[in-house]
Amino acid sequence: MLIAVDGPAASGKGTIARALASHFKLPHMDTGMLYRAVALNLWRWGGDPSSEFEALRGCDVAAVDPADAELRSEAVSSIASRISAYPSVRAALLDRQRQFAGQPGGAVLDGRDIGTVVAPEADAKLFVTAAAEVRAQRRVRELLERGLPAHYEDVLTDIRARDERDTNRQISPLAQAHDADLLDTSGLDIDQAIAEAIRLVERRLAARLSTQQT
């Protein structure tokens with residue numbers, strides 16, 4: 001069973017994907033972490049994010065340590081958003097994502113182009129979104145809880161800029177797959193969003209099983 005979860009920044013897709021992986025007992029990959037790892041690699045050796053060549057050099061990442069706090073810093077997030085638009089960077093990381101998606105038993109992947117590019121054959125697809133203002137509030141709350149400075153207007157501006165880059169890049173733009181279920185989390189708390197995600201996936205899997213049996 002392969003589940004694809006896509007959506008813009010701070011929509012809740014990561015939390016939902018982890019919950020789905022736990023519920024269905026599947027391995028999970030946060031593909032955004034790959035781009036953050038490249039961004040962090042680039043940032044640490046002083047590379048230039050505006051250079052596609054240098055960004056590609058940053059792809060030489062053997063492993064991702066999700067416990068590294070710098071991966072979720074705003075500086076690294078901003079660099080990751082910029083370098084993810086480079087075709088060579090996306091191509092370099094695509095194989096790792098597809099290998100994870102193709103492992104025996106299935107998987108859950110979340111990102112920006114899982115259902116459209118990485119795993120268009122996924123058994124269930126979700127496109128998780130929320131109003132930009134709601135996502136900015138969530139990101140501010142997350143940053144403050146981690147003891148980092150955050151200002152709502154700055155975060156909102158950054159989220160809107162990321163949305164613009166993600167949806168308008170030429171390679172693998174952020175888009176809802178034609179067969180993905182839309183899940184708007186604007187008015188939902190975490191438990192409600194997770195419950196709705198499980199319901200949508202189970203409905204999709206039941207429909208697929210019914211089709212196979214007939």
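In which helix does Phe100 lie? Phe100 lies in helix 5, where helices (H or I, at least four residues) and strands (E, at least two) are DSSP runs numbered from the N terminus. The structure is a predicted model, in which local features need pLDDT of at least 70, side-chain atom pairs count only at pLDDT 80 or more, and totals for chains, interfaces and linings use all residues. Residues are numbered from 1 along each chain as its sequence is written, and side-chain values use heavy atoms, with hydrogens and water left out.

Not counting residues up to four places away in sequence, Phe100 touches Pro27, His28, Met29, Ala107, Val108 and Leu109; contact means heavy atoms within 4.5 Å. Phe100 and His151 are 51 residues apart in sequence, and their C-alpha atoms are 36 Å apart in space.

The 14 residues of helix 2 should span 20 Å at 1.5 Å a residue, and the end C-alpha atoms are 20 Å apart, which agrees. The expected span of a helix is 1.5 Å times one less than its number of residues. Ten of the 14 residues of helix 2 are buried, so this helix is largely enclosed by the rest of the structure. Buried means under 20% relative accessible area, exposed means over 50%, and partly exposed lies in between (1.4 Å probe, protein chains only). The buried residues of helix 2 are Thr31, Met33, Leu34, Tyr35, Arg36, Ala37, Val38, Ala39, Leu40 and Leu42. These residues pack against strand 2, helix 3 (52–57), helix 4, helix 5, strand 3 and helix 6 (114–118).

Helix 7 (residues 132–145) also has 14 residues and reaches 20 Å from its first C-alpha to its last, close to the expected 20 Å. Its buried residues are Ala132, Val134, Arg135, Ala136, Arg139, Val140 and Leu143. An α-helix has 3.6 residues a turn, so residues three or four places apart point the same way. The cover over the buried residues of helix 7 includes helix 4 (74–83) and helix 8 (152–168). Just after helix 7, Gly147 takes a positive phi of about 80 degrees. Glu153 lies in helix 8 and is exposed, with a relative accessible area of 52%. Glu153 and Val140 are 13 residues apart in sequence and 9.7 Å apart in space, C-alpha to C-alpha.

The largest pocket has a volume of about 1100 Å³. Of the 47 residues that line this pocket, the closest to its centre are Ala10, Ser11, Gly12, Arg139 and Glu142. On a 1 Å grid over the protein atoms alone, a pocket is an open set of points where a 1.4 Å probe fits, with protein on both sides within 12 Å along at least five of seven lines, and lining residues have an atom within 4 Å of a point. Grid points are joined across faces, edges and corners, and the volume is the space filled by probe spheres set on the points. Helix 7 gives the most to the lining of the largest pocket, with eight residues.

Thr129 belongs to strand 4 (residues 124–129) and is buried, with a relative accessible area of 18%. Beyond its neighbours within four places in sequence, Thr129 is in contact with Pro8, Ser11, Leu182, Leu183, Asp184, Thr185 and Ser186.

Most residues other than glycine have a negative phi, and most peptide bonds are trans. Lys25, in the loop between helix 1 and strand 2 (28–30), has a positive phi near 55 degrees. Lys25 is exposed, with a relative accessible area of 73%. Ser172, in the loop between helix 8 and strand 5 (181–184), has a positive phi near 50 degrees. Ser172 is buried, at a relative accessible area of 14%.

Arg57 lies over the face of Trp45, at 4.6 Å from the ring centre; a charge sits over a ring if NZ of Lys or CZ of Arg is within 6 Å of the ring centre and within 35 degrees of the ring normal. Asp60 is placed in the loop between helix 3 and helix 4 and is exposed, with a relative accessible area of 66%. Asp60 and Gly102 are 42 residues apart in sequence and 22 Å apart in space, C-alpha to C-alpha.
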